[in-house]
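Work through the exercises below with the sequence and the 3D structure side by side. Try each task before reading its solution.

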Amino acid sequence: MISLARRLGLALVALLLLGAPALAADRAPVLLISIDGFRAEYATRGLTPTLAALAGEGAWAPDGMRPSFPVNTFPNHYSLVTGLRPDHHGITDNTLFDAARPGVKFSMYARDQVQDRFWWDEAEPVWVTAEQHGLRAFTMYWPGSEAPVHGVRPSRWFVYDEKDPAFTRVDRVLGWLDLPAGERPDFMTLYFEAIDTLGHRVSPEGADLNQALGEVDAALARLVAGLKARGLYDRVNLIIVADHGMAETSPDRIVFLDDLVPIGEVTTVTLGTVSGLIPRTPAAEAALVGQHPHVECWRKAQLPARFHYGTHRRIPQVICLPETGWLLSTRERAASRPMTGPAGSHGYDPDAAQMRALFVAHGPAFRPGVRLPVFDNVSVYPLIMRLLGLKPRPNDGRARDTARALR
Ligand code: AMP
Ligand code: ZN
Ligand code: ZN
């Protein structure tokens, strides 16, 4: 018989050998994957078997996540990794102006601005906190990851290159997992744009989208096969999300701004779905604000509370939101870039079913077969922080939204 003292001694040795450091080394890495524009409903079409298998063996929100307003790519990607609404994190849309930078336009095409921390510094993305706490973050194409936010960059990061093939991206991530223990990342991001790109060109309702759905699922299949070959399929926590969904648009569903206000009296910061406008006269503002057929406009401070939007200085004076499936345009623009048939857009009411975004999670932290009701995408951030063992920064999300999915 081993004496109690001896047993305690052994336990202490075991704790010293296997305790805190072993726990840290054992923490499963988190791979956050964004499939841009993957509407929640796409996962039920029978065209994405790999995703279906991951959902079946993991946690899934069949009705998706509610994106944040405005339902566009940059604001929602930053909400996912900061837990903040766009009104709070400062990436208030894909296109930005700021009085502190007169004449400078931020857009996804302005590489120098995308890489300038000025635009991103009002929030702290996961990778910054992770790096500051001795974890390694490797990002591949997450909006914000090209800028030294708070002066901190991910250990590895990449300039966005939409020509980089999906398989190459997957192989790069698998290569990261092959690194020796002391160099392997704790947090990784991976991004695919194909479904959003095609979803804008064709109707998201029909079979026209099949090719892109198949392409991205094949990339996921390559990832899963690579993980299985390495014995890592059950040792990496995968969180697969979209930034927003997609709704069908039509040349028959266009509202012309010219019909609402004298077009010379308004500056359009953004136009299409959710639109940011600056009326140049009080009369133009009065004409714009209010309900019109298929579009409603508000002074920024008077937006419906459920949008959680309208206080940030970067938000233009008036925000217009077309009915889901409708577009706001000008006669000049419609004549120079005519729509020829059905297409797709996002940037609509975050409560519209078509805007709901994919959420699937799989790995050692997740209980198989859990189904989550619709939750706000800002709740992904506290989930990631929990998986990484990091204290979340103050945020707009709720850990309890995904708590049921965890073991
Ligand atoms: P949206 O206009 O909201 O539909 O934005 C989708 C587009 O964002 C995709 O077609 C991508 O090419 C682009 N995009 C995604 N990530 C980045 C990035 N990190 N830098 C620049 N553009 C990006
Ligand atoms: Zn997007
Ligand atoms: Zn898009």
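The exercises cover a metal site, aromatic rings, a cavity and a helix.

This is a predicted model, in which local features need pLDDT of at least 70, side-chain atom pairs count only at pLDDT 80 or more, and totals for chains, interfaces and linings use all residues. Residues are numbered from 1 along each chain as its sequence is written, chains are lettered from A and ligands numbered from 1 in the order in which they are written, and side-chain values use heavy atoms, with hydrogens and water left out.

**Exercise 1. The zinc site**

Find the residues that coordinate the zinc ion (ligand 2), and state the geometry of the site.

Solution.
- Step 1: Donors are N, O and S atoms within 2.8 Å of the metal (3.2 Å for Na, K and Ca); water is not among the atoms, so sites may look incomplete.
- Step 2: Asp 36 (OD), Thr 73 (OG1), Asp 243 (OD) and His 244 (NE2) coordinate the zinc ion (ligand 2) at 1.9 to 2.1 Å.
- Step 3: The angles among the 4 donor atoms are 95 to 134°, and the site is tetrahedral (four donors, with all angles between 85 and 135 degrees).
- Step 4: Along the chain, the donors of this ion have the spacing D-x36-T-x169-D-H.
- Step 5: Thr 73 in helix H4 (residues 73-82) and Asp 243 in the loop between strand E6 (237-241) and strand E7 (247-249) are 170 residues apart, a pair that links distant parts of the chain. Helices (H or I, at least four residues) and strands (E, at least two) are DSSP runs, numbered from the N terminus.
- Step 6: Thr 73 is buried, with a relative accessible area of 8%, and Asp 243 is buried at 0%. Buried means under 20% relative accessible area, exposed over 50%, and partly exposed in between (1.4 Å probe, protein chains only).

**Exercise 2. Aromatic pairs**

How are the rings of Tyr 141 and Tyr 160 arranged? Begin with the pair Phe 106 and Trp 120.

Solution.
- Step 1: Rings of Phe, Tyr and Trp (its six-membered ring) pair if their centres lie within 6.5 Å; planes under 30 degrees apart count as stacked, over 60 as edge-to-face and the rest as tilted. The whole structure has 15 aromatic pairs.
- Step 2: Phe 106 and Trp 120 are 5.7 Å apart, centre to centre, with 75° between the planes, an edge-to-face pair. Both Phe 106 and Trp 120 are buried.
- Step 3: Tyr 141 and Tyr 160 are also an aromatic pair, edge-to-face, with 5.3 Å centre to centre and 85° between the planes. Both lie in the loop between strand E4 (137-139) and helix H8 (166-177), so the pair ties together parts 19 residues apart in sequence.
- Step 4: Tyr 141 is buried, with a relative accessible area of 5%, whereas Tyr 160 is partly exposed at 25%.

**Exercise 3. The cavity**

What is the volume of the largest cavity, and which residues line it?

Solution.
- Step 1: On a 1 Å grid over the protein atoms alone, a cavity is a set of points where a 1.4 Å probe fits but cannot get out; lining residues have an atom within 4 Å of a point.
- Step 2: The largest cavity has a volume of about 70 Å³, where volume is the space filled by probe spheres set on the points.
- Step 3: Its lining includes Thr 92, Asp 93, Tyr 309 and Arg 314.

**Exercise 4. Helix H13**

How many residues of helix H13 (residues 380-388) are buried?

Solution.
- Step 1: In H13, 8 of its 9 residues are buried, among them Val 380, Tyr 381 and Leu 388.
- Step 2: Gly 389 follows H13 and has a positive phi, near 70°.

Note on methods. Tetrahedral: all angles 85-135°; square planar, octahedral: opposite > 155°, others 65-115°. 1 Å grid on protein atoms, 1.4 Å probe; cavity = no way out; pocket = protein on both sides within 12 Å on 5 of 7 lines; lining within 4 Å.
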